[in-house]
Amino acid sequence: MMRKGGAGSAACHETSRSSAPPAGVAESEWRDWGWQMRHRIRTADALREWIDPTPREIAAIAALAERFRFVITPYFASLMDPEDPDCPIRRQVVPSPDELGDPAGLADPLDEVAHSPVKNVIRVYPDRIAFCVNNECALYCRYCLRKRMVGEAGWRMQKRELEIALDWIARTPEIRDVLLTGGDPLVFSDARLEWLLKRLRAIPHVELIRLGTRLPVTLPFRVTEALCSMLERFHPIWLNTHFNHPKELTPDAAEACDRLLRAGIPVGNQSVLLKGVNDDPGVMKALCEGLVRMRVRPYYVYQAQLLEGTAHFRVAIEDGVSLFKGMRGRTTGFAIPRYVLDTPHGKVPLDHPFAKGRDGDDFVVEAWDGTIWREPNPR
Ligand SMILES: *Cc1c(COP(=O)(O)O)cnc(C)c1O
Ligand code: SF4
């Protein structure tokens with residue numbers, strides 16, 4: 001059965017239509033996140049129900065069967081263009097042979113393992129940590145920074161290991177901001193997540209809890225009313241999700257973000273700048289403006305790391321700088337995300353330097369349209 005209903009060949013500037021269950025699947029099943037998790041696509045045959053995989057894609061699936069194999073939710077598969085191998089949704093999740101030919105790529109380019117005081121806690125700043133509570137995701141993004149851990153048994157956190165990390169946080173009073181990430185913390189059941197949040201809230205110096213999750217994008221049905229009303233008991237909670245392309249801004253995804261926002265959870269977005277996905281200025285602008293229409297604030301766009309198997313996704317940094325420079329003045333200020341390079345020493349903004357510096361008694365700046373402005377600035 002070929003389900004070529006998907007998002008069709010919609011132009012990438014269009015906001016996507018609602019996802020629809022394929023023939024034989026009830027609407028109630030399709031919208032049940034448990035059903036989606038149980039019916040994830042993990043084989044070339046299952047993928048054939050959604051798209052016409054190319055011989056290159058089939059070969060890559062076979063070659064990557066052992067390491068960072070592929071997993072896709074039916075919901076996300078329904079957004080793929082069945083005919084176009086360059087579809088930006090497809091490029092993010094279907095393996096490519098390019099992943100095998102990247103000799104410069106590193107397994108852990110941010111040296112996260114060296115920055116872990118206890119398993120799966122990454123600390124590069126004095127006051128905040130990334131806590132990889134889970135090594136599972138709804139689907140696997142081919143460019144994932146944590147592909148060394150996602151789906152790999154050795155990185156799974158047993159409850160005892162979560163306890164060890166919680167004890168470390170409790171013993172480290174400088175930590176005021178805890179970012180729960182992974183993997184994806186929303187792959188946990190509500191009960192497991194509630195246990196974790198309760199334990200964190202019992203630590204007086206933890207002011208802020210943040211969730212880093214791609215589920216509003218890859219499995220929006222996970223964001224149930226029950227989840228949101230549980231989360232809102234642990235405020236202040238902030239959440240960052242990970243939309244990369246305007247085709248992902250479906251009504252289902254917008255509703256998931258709306259449920260979070262109505263529970264008082266500010267929702268931000270972090271993208272990765274990916275060649276052939278969102279490195280076109282029109283696509284990036286459509287993504288950011290679409291996010292703002294959903295009341296989701298574009299926060300960071302990451303430069304793709306020197307990570308194994310991802311050379312085909314990397315954009316030169318100066319091209320990224322000019323892409324974001326070009327947004328300034330041409331759209332809503334808060335629709336413009338900060339372009340950052342993550343390093344073993346933390347995130348470094350790569351924004352274009354509009355401030356040029358002092359010249360005599362003036363401070364010289366460049367406006368969005370290229371005008372040089374001299375602001376009197378006597379010492
Ligand atoms: C990104 C990140 C944070 C949070 O950084 P913000 O700039 O505050 O959003 C914290 N710890 C680690 C290890 C990170 O990678
Ligand atoms: S959702 Fe995030 S952690 Fe999971 S595979 Fe994608 S990029 Fe990696």
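Okay, let's start with one pair: Asp 252 makes a salt bridge with Arg 31, and their closest N and O atoms sit 2.9 Å apart. By salt bridge I mean a Lys or Arg side-chain nitrogen within 4 Å of an Asp or Glu carboxyl oxygen.

Quick housekeeping. This is a predicted model, where local features need pLDDT of at least 70 and side-chain atom pairs count only at pLDDT 80 or more, while totals for chains, interfaces and linings use all residues. Residues are numbered from 1 along each chain as its sequence is written, chains are lettered from A and ligands numbered from 1 in the order written, and side-chain values use heavy atoms, with hydrogens and water left out.

So, the layout. The chain splits into domain 1 (9–100) and domain 2 (113–346), with bounds from an automatic or database domain assignment. Into the contact (heavy atoms within 4.5 Å) go 38 residues from domain 1 and 46 residues from domain 2.

How much do the two domains bury between them? About 3,600 Å², with 56% of it on carbon and sulfur atoms; that's accessible area, 1.4 Å probe, lost on putting two parts together and summed over both. On the domain 1 side, Trp 33, Phe 68 and Gln 92 lose the most area to domain 2, together 23% of what that side buries.

Back to salt bridges: the count between the domains is two.

Last bit, helices, meaning DSSP runs of H or I with at least four residues, numbered from the N terminus. α2 (33–38), α5 (74–77) and α6 (88–93) each give two or more residues to domain 1's side, and α6 gives the most, with five.
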